[in-house]
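Me: Could you walk me through this structure? I'd like to go piece by piece and ask as we go.

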Amino acid sequence: MPKTKLDETTLAFATIAELNAALRNREISSVELTKILGKRFEKLGPEYNALAYSLVKQGHKAAKDADYDLKRDRFRGLLQGIPYAVKDLIAVAKFPTTWGAKPFADQVFDEDAAVIRRLASKQAILIGKLSMVELAGGGGYSSAAASLQGPGLNPWNKSFWSGGSSSGSAAAVAAGLVPFALGSETSGSIITPACFCGVTGLRPTYGLVSRHGAMALSWTLDKIGVLARSAEDCGTVLAAIAGGDDEDPGSAGKSFYFAPQYYENLSELKIGYAEIDFAEWPDEPLRPAFANALAVVKSIGVPMLEAKLPDFPYGPLITCIIDSEAASIFERFIRSGRVDQLADSKQINGLKAALNYSALDYLKAMRVRSQIQAAFRDLFAKVDFLVAPARLTLPDRADQPFDETQPKRPDQKGVVAGLVQAGNLCGLPAITIPCGYVNGLPVGLQMVGRPFSENRVIALAREFQRRTDFHKQHPHV
Amino acid sequence: MTITRREWTALLGALPLLSQTPVQAPAPAAPPEGIEKATTDVREISQRLAEIEMPLNIEPAFRFVA
C-alpha cells in the first residue's frame, strides 16, 4: 500500500509543478503516485466512458525506473515520474490503438508515436489510452454516443457530454485521473472538450508537435496538443513534446522552450476582442460569467482594441477541407463498406458523401484558405491576441442527439463567430481556460495568438489564472 | 407512417429476392434519407465555393500557418 502522507484528492488534483516538488522532496515516490492515480484511472475512467485501455501495469515498471533515477538526483525535468494518458489515436506499440471506432478495435501498431517517445525520454509515466469520438469526428456526428466507449460523460455532471473529439482526455484531467493528457485538434477537438470539462487546453501552432504515429484525419489541419490543470502545466508539457520531426511531413522543424517570463510585460502587447462576443453572442445564462471574465482580462492591463474577424465562410471551407482529406485517407474503408460499422449514422453518411467532393472544390477551398491566412497576417499586425468565449453554450446532454436548431445570434459579428475554424485554417496557437461556472458546468475563454507565439499565449492565460481560481476548482468525483 | 416513392421502389425491387435471401442480422447501414441529406450538404458547400470570386493569381495554401 502507498505510504505517502499526501491524501488522494490532493494528489489527484495537483499540478505538474506540485507533483514534481513532492517527488523531488521524497514526499511520495513515482511508484506510489502511479498506484494511486492508476487505481483512480481504472476505477473512475469507465464511469465517464473515458478509459479506452489501461496501461497502469506497464506504468509501474516505468515508475520504478523513474524512482531509481530520482533517488540518485538524475533529474530529467518536471515530468519525470508523473503519470499521464493519451487520446486513443496516438499509437503505443504492441497495444490497441482503436481511433475510437469499432472497425479498428483490434488495431495494433509496432511503433510508438513520436510524442510517446518524447515523453518517455522525460520519464513521464504513460498509464493509459483515452476515449475519443470515432475517427475524431470526421464526416460529422449527431450525438455523444459516436464513440467506441459510449458517450463521453462530463465529470461535472454525468448527464452532460464531455465534448469532443478529445472527450476522454478532458474528462480524465477534470476528474483527477491524470494531471495531464494529450489530445488532438483538427477543428475544435481540444478547445471544446477542455472548455466543457473546465480544464486548460492548449492547441499548438500547426507543425510544432510531430504527428508521426497519430491517426490522420486532415494532413493540413491536424495538431496534437495538451489538456492539463493550468496554462503553466500546458507549457511544461508542450516543451517536452514539441520539436521538428522528419517523420512528420507537416513538421515546422521548430523547437519550443517554455519561457513565459519573457512576456511578463504584457502591457506592451495588444488584445483584439469584441464586446458583443461577451454581451450578446453567448446563450443568456452564460453572459454574466463572460462579463466577469472580460473584466478580469481588462484588469490585466493589456491594451484592448475592438476587433472583427475577416469575413469568410469559415464553416463550409473547413468542412470541405477536412472531409475531402478524410475521404482520401479513409477511401478504402468507406468504399469497402466497413464504414457502416461506425456507431453514428450521420458520420457514416458524412464520410460516404465526402467522396463526392471534387478536386475543384478542394482547391477552391485551399485558395480561399490562402486569402484567410493573408487576412489574419494583417489582423495580427494590429493585435497580438484574439480573446473570445471558447463556446457560446453549455455542453449538450449526453443521452440525446445534439440540438441542431440554430439559436438566434446577433447580426453583428465580432471575433467569436468562426474563430475556432479560422484559427485552425491558419494553424494558430490557442489556449482555453475555465472562466466561470453556470448551473454547475464550466464555461471557458479562448486566447489565440500568432503562429509560434505559444509563450505569449500561455503568459496571458497564466496571468488570468493568477487572478482567478476557476482552474483550481474541480468536480466532486 | 409515410413511405416515400424511393422507399416503395426499393421495397418492391427487393420483394422477389426476399424468399431466397437467408435471414441475416439487420445491417447497421444508415437510412437512405441520411445519405441524401449528407450528399445535399456536400453539393451546397460545392455550390457555395463555386460562387466565391477569386483573383486568378491566388494559389492554394501550401503552408498551413498564417
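Reply: Helix α6 (residues 167–174) of chain A is largely enclosed by the rest of the structure, because eight of its eight residues are buried. Buried here means that 20 or more other C-beta atoms, placed from the backbone, lie within 10 Å of the residue's own, while 12 or fewer makes a residue exposed and anything in between partly exposed. Helices (H or I, at least four residues) and strands (E, at least two) are DSSP runs, numbered from the N terminus. This is a predicted model, in which local features need pLDDT of at least 70 and side-chain atom pairs count only at pLDDT 80 or more, whereas totals for chains, interfaces and linings use all residues. Residues are numbered from 1 along each chain as its sequence is written, and chains are lettered from A and ligands numbered from 1 in the order in which they are written.

Me: What follows α6(A)?

Reply: After α6(A) comes G176(A), which has a positive phi, near 70°.

Me: Which way do β6(A) and β8(A) pair?

Reply: They pair in the antiparallel sense over six bridges, β8 being residues 223–228 of chain A, and pairing requires that DSSP finds at least two bridges between two strands. In β8(A), K223(A) is the bridge partner of E185(A). Strand β2 (residues 83–87) of chain A, by contrast, runs parallel to β6(A) and is joined to it by two bridges, with A85(A) opposite A181(A).

Me: What does A181(A) touch?

Reply: Leaving out residues up to four places away in sequence, A181(A) touches several residues, including Y84(A), A85(A), S169(A) and L227(A), where contact means C-beta atoms, placed from the backbone, within 7 Å.

Me: Switching topic, how many residues does each chain give to the contact?

Reply: Chain B gives 24 residues and chain A gives 39 residues. The chain B side divides into 18 nonpolar, three polar and three charged, with Ala, Val, Leu, Ile, Met, Phe, Trp, Tyr, Cys and Pro counted as nonpolar, Asp, Glu, Lys and Arg as charged, and the others, Gly among them, as polar.

Me: What about chain B itself, how many helices and strands?

Reply: Chain B has two helices and zero strands, and 14% of its 66 residues count as buried.

Notes
Contact = placed C-beta atoms within 7 Å.
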